[in-house]
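Look at the structure first, then read the points by topic.

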Amino acid sequence: MRVPFEWLKEVVPISVSAEEAAHRLTMLGLEVEALERVDSDTVFEINITPNRPDCLSIIGIARELSAAYGIPVEFPEHDVVAEAGELDFNVDILEPALCHRYAGRIIRHLKVGPSPEWLKKRLEKCGIRSINNVVDVTNYVLLELGHPLHAFDLHTLRGHRIRIGTPGGTLGSHATTRLTTLDGVERDIPEDTLLIWDAERPVAVAGVMGGAETEVSSDTVDIFIESAYFDPVSVRKASKTLGLKTEASYRFERGADIKMLKKALDRAAFLMQEVARGEIYGKIDIYPKKYVPAEIRTSSDKINRVLGLRLQKSEIIGLLSPLGFSVEETGEVFTIKPPAYRMDVRRDADIIEEVVRTYGYDRIPATLPKALVGLTDREDLKKVYHEKFLGELKASFLKSGYTEVINYSFMAPQDLDLLQIGEGDERRKTVFVRNPLRAEDSCMRTTLIPALLRNVVHNVAHGNREFRLFEIAKIFIAEQADALPVEKRRLAAVYYKEKTKALYPEPAADFYVVKGIIEAILKDLKISGYSFARSSEPFLHPGQSADIMIGNDRIGSVGALSPLVTERLEAKVPKLSLFVIDLDLDRLVPYTMQELKYRPLPRYPFIERDTAIIIDASLEAAQIVTWLKAYPTELIEDIWLFDVYQGKNIPEGKKSIAFTVRYRATDRTLTDEEIDPVHQTLVAYILDKTKGELRS
């Protein structure tokens with residue numbers, strides 16, 4: 001919006017330079033993007049945000065400067081001292097929900113012609129070309145007061161009557177729905193578009209554009225000036241539907257000032273009397289839907305707490321009152337009523353914004369953020385890191401190819417039967433819904449897996465052959481009959497990959513792929529010391545499943561869905577192709593807070609030794625790794641298994657386990673002579689633990 005500085009100073013007589021005023025407006029939230037010298041004046045190019053339609057005028061910008069400098073606004077002269085006669089005119093608002101107020105005046109014996117130079121120059125500085133003195137006055141008042149007006153040639157209005165309604169409403173039974181607008185285009189008007197009608201036909205699209213048949217021309221001698229308030233949604237819809245965007249619609253669709261309506265009408269009549277020598281007749285003002293200001297309650301304590309300030313109550317009132325806010329103080333509570341032109345202020349957060357921008361963002365003291373020092377309570381730490389942890393966890397699953405899903409928080413008791421959950425399991429402690437919408441949603445979920453299995457069935461039924469899904473949500477456990485359920489946060493995921501013919505052999509079994517995903521996610525979360533142990537979850541395959549352990553703490557499970565469960569699913573899901581992950585996030589959070597220690601990159605080379613031993617087939621491979629890592633020496637850097645074998649040349653009931661040990665010293669290069677005795681001792685140690693023998 002272009003705003004001449006000299007025009008501004010007529011309304012608010014400030015003595016500062018244009019540059020200083022531009023800086024102050026920018027700090028108030030009205031960004032001055034450019035300053036342009038035009039003759040002896042400076043024109044501001046101001047970026048008005050969509051929530052501030054009150055600033056789309058000279059008076060609106062002047063209010064901001066008035067509050068900033070403490071100088072009252074001098075409202076332009078608009079009082080009509082004498083009227084030549086009564087208004088012989090009728091106005092009917094047929095759609096009061098779309099037109100809250102409608103006012104008008106008749107000006108007679110006008111002399112339509114060129115505008116005076118002062119009026120032309122002001123319009124030109126604002127980017128509007130001069131048309132004639134009557135139209136120029138309506139544009140001038142639009143820029144000055146921010147309220148759109150429209151002038152009709154009085155002798156083209158039939159029946160001395162104005163009606164406001166829609167073609168599909170009261171007027172629809174006998175009225176046409178075609179209108180030629182001022183741009184010369186004949187338009188089909190939708191039935192829900194608000195129109196201005198005379199006694200017989202539509203003459204304007206309300207709040208958007210007038211009709212060509214009632215346009216003010218050089219032959220016009222009498223006019224009817226319209227000043228109204230139209231519903232913003234109605235104007236916006238009409239503007240978009242008809243493809244018409246005007247200065248009037250731009251303001252009406254953002255919310256005009258319903259109280260400025262009368263002043264704008266009188267100001268236009270005053271100026272037309274001055275520049276066109278017209279005679280002012282009486283005024284009509286129909287106001288069926290009175291404006292009721294919103295009441296917003298807040299307190300000085302909340303304002304100061306949000307802003308980090310220590311403002312006194314009197315200071316807060318002093319910052320809001322110049323902006324037109326009515327402030328009533330009752331004890332510690334403020335009851336604030338915004339002015340009619342501030343339609344954007346609806347809640348206490350808006351009030352706080354008004355306080356701080358008037359006070360000055362640059363005056364808020366800079367303070368360092370508070371560091372988390374001395375938090376030792378486990379629950380406090382969980383709260384502090386919870387959101388960060390969830391974000392990192394989601395990012396890690398997304399990186400692993402998973403898609404997040406959100407399911408309803410309900411399930412059916414039969415879902416637990418499907419998963420073969422035992423009666424003594426806490427997941428049987430369900431909370432039942434009194435009035436469920438359907439039997440399948442009769443209780444709150446105690447596990448996330450049934451909903452994910454329904455997602456699987458849906459995807460398989462639609463032909464998806466490979467997908468990965470995960471969900472992070474709460475489960476609800478009824479630990480006590482008369483108490484609220486305990487809410488626990490869980491993560492569940494499914495990995496589905498149908499067995500199909502492939503050109504190349506799979507590098508690893510799907511179970512190890514999913515297990516590898518879990519390991520990658522735990523590493524992303526900087527969690528160490530985890531291990532896997534055989535799982536006893538009833539819904540998992542006994543030979544392809546594992547509990548996820550950190551120390552002695554079970555944080556979840558992973559594995560193939562049991563064939564007994566797979567067979568009972570609604571859709572045909574191939575066996576051993578569906579893998580499930582279930583994590584207890586409340587147990588996992590504390591392990592994300594482990595102290596991390598920096599370790600420099602090794603300077604000296606490592607030595608590796610491979611060994612294969614034959615042990616009892618019932619001995620868990622994870623237990624072997626645990627024993628190896630517990631061997632007391634600082635030279636072992638890492639240990640991992642690379643082969644498990646049963647078959648030819650291995651006795652029945654036995655299996656071969658092969659592992660690699662990496663040795664490295666931090667202060668020297670190790671030699672074979674130094675490592676061989678250590679490795680022989682390690683092998684003897686593990687053979688003693690396992691009661692096994694060295695494989696030759």
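Helices (H or I, at least four residues) and strands (E, at least two) are DSSP runs, numbered from the N terminus. With those labels, glutamine 420 sits in the loop between helix H13 (413-418) and strand S20 (443-444). The model is a predicted one. The points below begin with loop residues and then turn to helices.

**Loop residues with positive phi**

- Glutamine 420 has a positive phi of about 60 degrees, although it is not a glycine.
- Histidine 109 is not a glycine and yet has a positive phi of about 60 degrees.
- The loop that holds histidine 109 runs between strand S5 (99-108) and helix H4 (117-125).
- The relative accessible area of histidine 109 is 44%, so histidine 109 is partly exposed.

- Helix H3 covers residues 58-69; at 1.5 Å a residue its twelve residues should span 16 Å, and the end C-alpha atoms are 16 Å apart, which agrees.
- Eleven of the twelve residues of H3 are buried, so H3 is largely enclosed by the rest of the structure.
- Among the buried residues of H3 are Ile58, Ile59, Gly60, Arg63 and Glu64.
- Two packed helices are described by the angle between their axes and the distance between the axes.
- For helix H2 (residues 18-27) and H3, the angle is about 95 degrees and the axes are 10 Å apart.
- H2 and H3 are therefore roughly perpendicular to each other.
- On the H2 side the contact uses Glu20, Ala21, Arg24 and Leu25, and these meet Ile61, Glu64, Leu65, Ala68 and Tyr69 of H3.
- By class, the residues of this contact between H2 and H3 are six nonpolar, no polar and three charged.

- The twelve residues of H11 should span 16 Å at 1.5 Å a residue, and the distance of 16 Å between its end C-alpha atoms agrees.
- H11 is mostly covered, with nine of its twelve residues buried.
- Those buried residues are Asp350, Ile351, Ile352, Glu354, Val355, Val356, Arg357, Thr358 and Tyr359.
- What do the buried residues of H11 pack against? Their partners are H2, H3, strand S15 (296-299), H9, helix H10 (313-320) and strand S17 (333-337).
- Helix H9 (residues 300-307) and helix H11 (residues 348-359) have axes that come within 10 Å and cross at roughly 65 degrees.
- That angle makes H9 roughly perpendicular to H11.
- The crossing of H9 and H11 is right-handed.
- H9 makes the contact with Lys302, Ile303, Val306 and Leu307, and H11 makes it with Asp348, Ile352, Val355 and Val356.
- The contact of H9 with H11 has six nonpolar, no polar and two charged residues.
- Just after H11 comes glycine 360, with a positive phi of about 115 degrees.

**Helices H18 and H19**

- The axes of helix H18 (residues 621-629) and H19 come within 10 Å, crossing at roughly 135 degrees.
- H18 is thus oblique to H19.
- The crossing of H18 and H19 is right-handed.
- Ile624, Trp627 and Leu628 of H18 meet Leu682, Tyr685, Ile686, Lys689 and Thr690 of H19.
- The contact of H18 with H19 is made up of six nonpolar, one polar and one charged residues.

- Leucine 682 belongs to helix H19 (residues 672-690).
- Is leucine 682 buried or exposed? Leucine 682 counts as buried, at 0% relative accessibility.
- Leaving out residues up to four places away in sequence, leucine 682 touches Leu628, Tyr631, Ile636, Val661 and Tyr663.
- Leucine 682 and serine 400 are 282 residues apart along the chain, and their C-alpha atoms are separated by 37 Å.
- Isoleucine 636 is found in strand S28 (residues 636-645).
- With a relative accessible area of 19%, isoleucine 636 is buried, because the cut-off is under 20%.
- With residues up to four places away in sequence not counted, isoleucine 636 touches Tyr631, Val661, Arg662, Tyr663 and Leu682.
- Isoleucine 636 and glutamate 608 are 28 residues apart in sequence and 9.7 Å apart in space, C-alpha to C-alpha.

Key: Residues numbered from 1 in each chain as written. Predicted model: local features only at pLDDT ≥ 70, side-chain atom pairs only at ≥ 80, totals over all residues. Heavy atoms only, no water. Axes fitted to C-alpha atoms, helices over the stretch in contact; angles between N-to-C directions. Parallel < 35°, antiparallel > 145°, perpendicular 65-115°, else oblique. Left-handed = near helix turned anticlockwise from the far one by under 90°. Contact = heavy atoms within 4.5 Å. Nonpolar A, V, L, I, M, F, W, Y, C, P; charged D, E, K, R; others polar. Expected span 1.5 Å × (residues − 1). Buried < 20%, exposed > 50% of the residue type's maximum accessible area, 1.4 Å probe, protein only.
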